[in-house]
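Good morning, and thank you for coming.

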2 protein chains.
Amino acid sequence: MSQFHIYNSYTRQKEQFESITPGHAGLYVCGPTVSGESHLGHARPYITFDVLQRYLKHLGYKVRYVRNVTDAGHFEEEGRVAEDKVSEKALLEKLEPMELVHKYTSLFHHGMRLFNCEEPSIEPTATGHIVEQISMIETIIGKGYAYEVNGSVYFDVAKYAAAYPYGKLSGRVLEDQLETTRELDGQDEKRNKADFALWKSAPPQHIMRWKSPWGEGFPGWHIECSAMSSKYLGVTFDIHGGGMDLQFPHHESEIAQSTVAHGHAPVRYWMHNNMITINGKKMGKSYNNVIKLSELFSGGHPLLAQPYHPMVVRFYILQTHYRSTLDFSNEALQAAERAFRRLWEAWEVLQKLDHPGNAAAGDKELDGKVTAWCNECADFMNDDMNTARVLANLFETAPVINGIKGGQIKTDALSAATINLLKETFQTYLLEILGMQPLQTQSTGKLDEVLSLLIEIRKEAKKRKDFTTSDQIRDKLAQAGIQLKDEKDGSVSYTVS
Amino acid sequence: MSQFHIYNSYTRQKEQFESITPGHAGLYVCGPTVSGESHLGHARPYITFDVLQRYLKHLGYKVRYVRNVTDAGHFEEEGRVAEDKVSEKALLEKLEPMELVHKYTSLFHHGMRLFNCEEPSIEPTATGHIVEQISMIETIIGKGYAYEVNGSVYFDVAKYAAAYPYGKLSGRVLEDQLETTRELDGQDEKRNKADFALWKSAPPQHIMRWKSPWGEGFPGWHIECSAMSSKYLGVTFDIHGGGMDLQFPHHESEIAQSTVAHGHAPVRYWMHNNMITINGKKMGKSYNNVIKLSELFSGGHPLLAQPYHPMVVRFYILQTHYRSTLDFSNEALQAAERAFRRLWEAWEVLQKLDHPGNAAAGDKELDGKVTAWCNECADFMNDDMNTARVLANLFETAPVINGIKGGQIKTDALSAATINLLKETFQTYLLEILGMQPLQTQSTGKLDEVLSLLIEIRKEAKKRKDFTTSDQIRDKLAQAGIQLKDEKDGSVSYTVS
C-alpha cells in the first residue's frame, strides 16, 4: 500500500490514515495504572504504539503522543487497602498513596527505557487533572446525561444509548452488560446497572480525595482519559490506542462521555492490540502467570527458564502482527533470541560490506529480489503496521549478506545501489522504526575478565623473556587508554581513562 | 557531636534534630522549574539534600522526601512566550506547555540519575495540585489575609506583618521590599507593593489556565509549596530545604501563607545551601556563565576546558560544606577529579586488604589515629552535615592504605578490627551516605579495543607457531563468555554472550 492504512476497531475495516491537522498527528494511548509493578501484559501496547509513533514521525508527521498515568480513580479499590483508619496517627506514619504512585511510575519508566520505547510528548496524570475532570462532569450533568446521588455522580447509560449508538466499538448491547460491569460499590445508587461512576463520594477511610461540587471524592476510572485527551489533543483527535481488553467498558465509556460533552465522537481511528497469553493461557492472578517486567528481565518467575533481554522481548512482540494473539513460552522467546542475534549479526556484517567496483549487479535476479524485499517494507508498514512481515523480509536478506561475506555469493552480485538500499532499509526499519538495539554485551564485567587474561599472558611472556610480546601488550593498552602498573608485590593493576 | 545537629536558617543557630513523629522524618525540598534545562546551580541543592535524606535513613529514620516540580505558576512569564495567539489554529499546531514540561522534567531526572541522587518519595507537580492550592487560597481569604481584584488574589503582606513576625527567615524588613520584589504584572491591583499573587487571572493569550472561584487563571509561585508540603508532610513538618536564593521571597511567603492557613509556622528546621559561583562570578545570563548540566557533562560550554563526570561534580560539591560558597573553575574540578581517583583507588586497595595474622595492632599509635579518623566521621556528619571534613578524614587514611599495600607500612600495623572499621567507614560514608560511585570506565568501547589487541596477539602467536599462547587466548576468552571465530576471509570475529 502506498499510503498508511490503519485497521480502525470502530469501523472494523482498514482505512487510509488522514490526520485532522495536516502535518500533525495526535495519538492518545491508555497508560499504566501505577498501583503496582508493570507486567508482561503492559509490554505489548507500549511497544506497539511506540512503533506507531515512530512510524508516523518517519512519514513526516509532527506527532503529539499523549500517554497517561492512572494514579487515582479506581486505584485504591483494586486490592490496595487504605491504611489510615486510625485517624489520630501522624501523617508520616500513614500510607501515602503518592509514594506508591512515585515508586511504580518510576519502575514503569525504567521498563520503558529498557524496551527502548521513546517517551511520550506528554504524560498526564489523573490526579493532575482533577479540575478538568470536574469541569467535564459538570458539562455532562448540564446536558442531562449524568445524575448525582449522595455525593457521587453516575453516567446515565440507558439515556445515552437511547440517543446515540452505544456499544459499537466493543460490539456489546446494553442488555448484556448487567453482569459484566466491573463497577465500584454503589450499585444501589445507580438508576441502571450499566451506569458508571464519573465521580465517587469518598468514604471516610479513603485517603485520595478532592473537593468537588458534590463533596469530597475522587474521579471515576473513565473520565480522566476523556478529560486529558481533549485537553491535549482536542475534542476530536486522530488516533486512540490501547489493549483490546480496554474496549469495554473503558473506551466505550470514553466515547459516551466525550460525545455528550462535545457533541461528537472524540476519535478518528481506534487501534487495539491483541492480548498476550502465557503457555496458551490467559494471563491472570488465578493462573499465577502474571510475570512482572523485573521478573522477565531477571528470570525470577517460576515459569521462566532464564532471564530475557528487553530487546528479545521487543523483537518477539514485533515478530507478530499487533492484532494477532501472541503466546509467550520459553521456547518461543529462546527462538526469538536466536533469530534476533542472527539478524543483528547480518546487520553488522552489512555495515562493513563494500561494493568492489562497477555499479551494475552481477546477479540481476538476486539483485531484483533484494530490491523488492527492501521496497516491500514500506508497503508492509503501510498495511496496518505489519511489523511481522517487515522482519520476515529483513530475514530474507540475511543469507545474502552472509553469503557475500562468506564467499558463496560473489561480491559484485548486487549493485552498489542495492547494497546501499539494503543498508538504508536496515537502518530505517530495524533501528529507527522498529526501535531495535543491540543486545547489551555486559561488557563492563567482561573488560575486567579480558584485561586479567591479557595481564596473565604478559606475565608469561616476560617469564619466557619474550619482551616483544610483553611490551606490545603494554603499549597497545596504553593506546587504548588503559595504563598497566607493575605493583611492588608483583601484581599488576590497571587504570582505565 | 553524638546527636544530629542542623543549622536552622530560621533561628540562625545549630539545633539538635528531633523529628515530630518518632522514627519518621519529613523533608520538603524546592525542586526545579521545568521551563528549561537544569543547570549547574541546580546540582548543589539536590546533591546536598540527597545526602541529607541518605543520612537521615542511616540514622534509622523512615524518611518521606518530597521534592516538587514547578510546572505552572511563574512558568510562562520567565522568558517563554506563549505561542497560541492565533486562536483559530488547530490545537496540535500550538505550543503545548506540557510538552516542554515533560521534556525538561525528563532531562532533569536523567541528570539526577547521573549524579546518583536517590529519587524522592513523592515528586508532586504544581499543575497536579490546583484543587489543593485553590482550597488553601480560599482559607487565606476566609481569614482575611488575601483579597481579590479582577480575578486575581493577592496576599496582604502589610496586614500579615502587623500580626506576625514577617521577614525573620530572610532578615528583611517590609520597607525594603518595595524594590526587590520580582512579582508578575498587576502592581496597580495590589494594595501594597510587597503583596504577592496567590492566584493570577489568565489573560486571553495565556495557555495554562484553570477554572477557579475567581475565574480562569493560574496559581502564584509560592502557594504550590505550601499546599503540597502540608498535603504530604502535614501542617508542621520537620525540614524544609532549598537554595539560599529562595529564602526571599519564596520561603518567606511560604511561611506567611501556611501561618495564616494553619495558625502556626509550617517548618521546624529550615536548611539552605549556599550558592555556586563560576570563576568567582555569580551565575547569571548577563555573565554568559549559566552552564547546563548536559554542557557540564559533555564539556560543551565555552568556559569548560573538558567534560566533567557527574561523580566528579558530586565529589567537588561535597568537598565543601553546604553552607559555604563554592567556586567552580576548571582547575578546581580537575583537582577534584584527581583527588577522587586517588581516594577511590585507596578504597579499591582497601577492599582487598587482609589482615595477616594476630588481631593486635603492630603500630598502636597509627592504629589509634586510623580509629579516630573513622570514628570522627559520625561526629562530622552530626555537626550540620559536614561532608567536607568526612572526606578530609577519608583522605587521611589513603596513605596508610597505600603504605600497607606498597610495603612501607607493615601489614600488621593495624589491628584486624581497625582494618574492618576502615572498610566499614568507606562503605558507609563514601558510598552509602555521600553516595559516591566509581567513575564509569566507558568500558563498552574499551572492550572492543582490548579484544582487537588480543586477536592481534593471537594472530602473531600463530604466525610464530606459538600455539600454547594462541590456544590459551581462545580458551580463556571462552571462559569469559567471548567466542572467537575464524572467518573465511582470514579475519577473526567474536561474540560476547
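Predicted model: local features only at pLDDT ≥ 70, side-chain atom pairs only at ≥ 80, totals over all residues.

Of the 497 residues of chain A, 44% count as buried. Chain A is built from 15 helices and 15 strands. Among the contacts in chain A with a separation of 6 or more, 74% join residues 24 or more positions apart.

M208(A) sits in the loop between strand 7 (196–201) and strand 8 (217–219) of chain A. Is M208(A) buried or exposed? M208(A) counts as buried, because it has 20 C-beta neighbours inside 10 Å. In sequence, M208(A) is 21 residues from S229(A), and in space the two are 23 Å apart, C-alpha to C-alpha.

Let me turn to the relation between the two chains.

The contact itself draws 53 residues from chain B and 51 residues from chain A. On the side of chain B that touches chain A, at least two residues each come from strand 3 (24–29), helix 2 (97–114), helix 3 (130–142), helix 6, helix 14 (443–463) and helix 15 (467–479) of chain B. Helix 14 of chain B gives the largest share of that side, 10 residues. Sorted by class, the side of chain B that touches chain A holds 23 nonpolar, 19 polar and 11 charged residues.

I now come to the packing of helices within a chain. Two packed helices are described by the angle between their axes and the distance between the axes. In chain B, the axes of helix 6 (residues 223–233) and helix 7 (residues 247–262) come within 8 Å and cross at roughly 50°. Helix 6 of chain B is therefore oblique to helix 7 of chain B. The crossing of these two helices of chain B is right-handed. From helix 6 of chain B, the residues I223(B), C225(B), S226(B) and S230(B) meet E254(B), Q257(B), S258(B) and H262(B) of helix 7 of chain B. The residues of this contact are two nonpolar, five polar and one charged.

P249(B) of helix 7 of chain B is joined to F248(B) by a cis peptide bond, with omega near 0°. After helix 7 of chain B comes G263(B), with a positive phi near 85°. In chain A, a cis peptide bond likewise joins F248(A) and P249(A), with omega about 0°, and P249(A) lies in helix 7 (residues 247–262) of chain A.

A second pair of helices can be described in each chain. In chain A, the axes of helix 10 (residues 330–352) and helix 13 (residues 416–433) come within 10 Å and cross at roughly 135°. Helix 10 and helix 13 of chain A are therefore oblique to each other, and their crossing is left-handed. W347(A), L350(A) and Q351(A) of helix 10 of chain A make this contact with L422(A), K423(A), F426(A) and L430(A) of helix 13 of chain A. By class, five of these residues are nonpolar, one is polar and one is charged. In chain B, helix 10 and helix 13 pack at an angle of about 135°, with their axes 10 Å apart. The crossing of helix 10 and helix 13 of chain B is left-handed.

Finally, I wish to mention two backbone details. Most residues other than glycine have a negative phi, and most peptide bonds are trans. N288(A), although not a glycine, has a positive phi of about 55°. N288(A) lies in the loop between strand 12 (281–282) and helix 8 (293–298) of chain A, and counts as exposed because it has 10 C-beta neighbours inside 10 Å. N116(B), also not a glycine, has a positive phi of about 60°. The loop between helix 2 and helix 3 of chain B holds N116(B). With 16 C-beta neighbours inside 10 Å, N116(B) counts as partly exposed.

Thank you for your attention.

Technical notes: Residues numbered from 1 in each chain as written. Chains lettered and ligands numbered in written order. Axes fitted to C-alpha atoms, helices over the stretch in contact; angles between N-to-C directions. Helix = DSSP H or I, 4+ residues; strand = E, 2+ residues; numbered from the N terminus. Parallel < 35°, antiparallel > 145°, perpendicular 65-115°, else oblique. Left-handed = near helix turned anticlockwise from the far one by under 90°. Contact = placed C-beta atoms within 7 Å. Nonpolar A, V, L, I, M, F, W, Y, C, P; charged D, E, K, R; others polar. Buried ≥ 20, exposed ≤ 12 C-beta atoms within 10 Å, placed from the backbone.
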